[in-house]
Amino acid sequence: MFETIKSRGIDQILALMQAFRADPRTNKVDLVVGVYKDADGKVPVMRAVKEAERLLIDEETTKTYVGMAGDPEYCGLVPKILLSEGSSALAAGRVVSLQTPGGSGALKVGSDLLNSIKPDQKLWVSTPTWANHVPVATDAGLVTDQYPYFRPSDRGLDFEGMMAHLDQHAVAGDAILLHACCHNPTGVDPNFEQWQSITDFVLDRGLLPFVDCAYQGLGDGMEQDVAGLRHIAERAPEMLIASSFSKNFGIYRERVGAITIIAKDPQQLATTKGAAETVIRSNYSMPPSHGARSVATVLASRDLSDLWSEELDEMRKRIADMRSALKQKLEERQVTRDLSFLTDQKGMFSYTGFGPEQVEGLRADHGIYVAKDGRINVAGLSSENLDVVADGFAAMLR
Ligand code: LMR
């Protein structure tokens with residue numbers, strides 16, 4: 001039976017991760033996968049998380065099942081982080097979060113939920129979007145379509161193109177996937193005014209906003225990064241949010257995410273939550289506990305959450321510093337083209353505009369691994385590798 005299987009190939013980000021590990025060169029540089037690395041090139045465990053884990057080991061009294069929605073304390077904290085304690089939807093009992101295995105788990109539960117409501121549900125995604133968005137959505141039975149987003153000429157947002165395309169093609173009942181902040185892969189985000197226009201359009205047209213929030217805190221700050229998301233959430237009668245603590249808590253392998261549902265009223269919320277639980281039960285039954293308990297333990301303690309917040313500030317600052325440092329190193333190498341995109345784009349990723357030949361040249365000639373579409377993980381840069389990277393990039397850009 002297995003001989004009939006048609007390989008769909010491995011996801012390009014994960015394939016490059018494997019190729020990097022197998023590369024014997026010692027001065028190789030990994031700018032592929034979106035993980036935060038410190039100045040020493042390590043993917044650190046945050047001190048606040050380490051401390052919470054110590055407490056957990058001491059205090060945990062049972063390993064019994066957590067239930068389909070996951071850890072209740074964690075689920076109660078998520079909407080406050082995403083929407084704020086003052087959210088009117090929260091006060092009206094119209095919001096619920098369910099713990100999921102990472103942001104991908106949340107996207108899958110959200111997509112399965114949409115498919116269970118309406119088979120062949122249309123989901124609009126940006127061009128480009130994260131490499132896993134379309135596979136997750138289509139495997140769940142959704143039909144994806146693309147709206148313009150990135151403008152190669154200035155490596156910025158093609159806002160007019162996006163809105164004109166959606167105006168022409170999106171119809172009531174379609175869902176639209178938006179990135180809350182630090183757009184993956186481009187690092188290009190709408191400004192607040194543009195979020196207001198997107199919100200007006202989405203609501204006027206009767207679209208369902210499905211927001212992916214995987215990088216809160218890595219752009220401008222925990223509050224600033226969700227200003228657009230909060231603007232929609234205050235107004236939309238219904239909404240889905242897929243969120244992740246992988247990046248802002250550095251707990252990638254613990255798989256800590258959530259699907260947050262906003263419904264018209266508490267009664268509809270209960271029904272929708274039940275439908276999401278049905279999806280969860282048949283997918284993976286219930287989420288793992290440790291990572292979510294670690295996050296809840298940090299957030300429940302004033303000292304630990306202050307420490308976490310300081311560490312997150314350091315991470316964000318290092319990313320911003322690396323953006324400026326790379327720009328400066330390229331300028332020093334007489335790269336004359338406009339490099340302001342490096343410091344304008346937000347979060348871990350920068351879309352360099354390198355095509356497939358340049359991406360391959362960087363890997364083969366310089367040992368620099370960047371994603372196939374030219375995306376780099378800025379958090380993979382350090383004073384150790386900046387010169388190697390700048391030399392390689394300069395060679396490609398000249
Ligand atoms: C990325 O985009 O690099 C991360 O979100 C990791 C992944 O799973 O692709």
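**Notes on the ligand site and the overall fold**

1. Starting with the ligand: one of its oxygen atoms has a polar side-chain atom of Trp130 3.0 Å away, a polar contact being a pair of N or O atoms within 3.5 Å. Bear in mind that this is a predicted model, where local features need pLDDT of at least 70, side-chain atom pairs count only at pLDDT 80 or more, and totals for chains, interfaces and linings use all residues. Residues are numbered from 1 along each chain as its sequence is written, and side-chain values use heavy atoms, with hydrogens and water left out.

2. Who else is around the ligand? Besides Gly34, Trp130 and Asn184, you'll find Ile13, Val33, Tyr215, Lys247, Phe349 and Arg375, counting residues with a heavy atom within 4 Å. By class, that shell has five nonpolar, two polar and two charged residues, with Trp and Tyr taken as nonpolar and Gly as polar.

3. On the fold, the protein chain has 15 helices and 13 strands (DSSP runs of at least four and at least two residues, respectively). Its C-alpha trace spans about 60 × 55 × 55 Å along the principal axes.

Key:
A polar contact is a pair of N or O atoms within 3.5 Å; within protein, one must be able to donate a hydrogen and the other to accept it, and residues adjacent in sequence count only if both atoms are side-chain atoms.
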